[in-house]
Amino acid sequence: MELALAEAEKARGTADVPIGAVVVDADGQVIGRGHNEREATGDPTAHAEVLAIRDAARQVGEWRLTGCTLVVTLEPCTMCAGAIVLARLDRLVFGAYDEKAGAVGSLWDIVRDRRLNHRPEVVSGVMADEAGARLRDFFIGHRS
Ligand SMILES: [Zn+2]
């Protein structure tokens with residue numbers, strides 16, 4: 001989570017909401033990193049999780065990220081939760097809950113939907129205070 005928060009830091013000073021993600025393999029090695037770049041790239045799909053998953057898949061050389069864990073500072077949205085299922089990630093660890101768009105328990109629960117063929121283990125609320133504070137700082141800064 002420290003590493004995911006460090007990724008989120010990379011968005012500081014930009015127009016992008018500071019959300020960071022990393023993918024860790026079964027040996028504990030970081031194989032993918034990403035931070036939200038939606039504004040920077042003008043890409044609606046450039047969420048931290050998607051970028052970290054793409055980075056990890058490039059590293060591994062295939063789309064299946066079996067045995068890997070995705071760590072992200074904020075509860076994933078519907079798109080990212082879907083990507084986590086599609087990537088066959090074993091585990092998802094997230095920080096703060098997103099009551100407005102969260103798809104891992106808040107509004108939907110995509111990753112634990114029994115109709116899907118893969119359900120990663122979920123660990124939620126890890127360093128939620130730190131992750132949440134970063135987002136609050138960002139929005140307070142943009143309100144003025
Ligand atoms: Zn997302």
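Predicted model: local features only at pLDDT ≥ 70, side-chain atom pairs only at ≥ 80, totals over all residues.
1. A residue is called buried here when its relative accessible area is under 20%. His47, at 17% relative accessibility, is therefore buried.

2. The zinc ion is coordinated through ND1 of His47 and through SG of both Cys77 and Cys80, at 2.0 to 2.3 Å. Along the sequence, these donor residues follow the spacing H-x29-C-x2-C.

3. The UniProt record, an unreviewed entry, gives the feature "binding site" at His47, Cys77 and Cys80. These positions span 34 residues of sequence, yet they cluster in space, with a largest C-alpha distance of 9.2 Å. Among them, His47 and Cys77 belong to the lining of the largest pocket.

4. His47 sits in the loop that connects helix H2 (38-41) to helix H3 (48-60). Apart from neighbours within four places in sequence, its contacts are Asn36, Arg38, Cys77, Met79 and Cys80. Cys77 and Cys80 from this list also coordinate the zinc ion.

5. Cys77 lies in the loop between strand S3 (69-74) and helix H4 (78-86). With neighbours within four places in sequence again left aside, Cys77 contacts His47, Glu49, Ala101 and Ala103.

Notes
Residues numbered from 1 in each chain as written. Heavy atoms only, no water. UniProt positions renumbered as here; feature names shortened; annotations may be inferred. 1 Å grid on protein atoms, 1.4 Å probe; cavity = no way out; pocket = protein on both sides within 12 Å on 5 of 7 lines; lining within 4 Å. Helix = DSSP H or I, 4+ residues; strand = E, 2+ residues; numbered from the N terminus. Buried < 20%, exposed > 50% of the residue type's maximum accessible area, 1.4 Å probe, protein only. Contact = heavy atoms within 4.5 Å. Donors = N, O, S within 2.8 Å, 3.2 Å for Na, K, Ca; no water.
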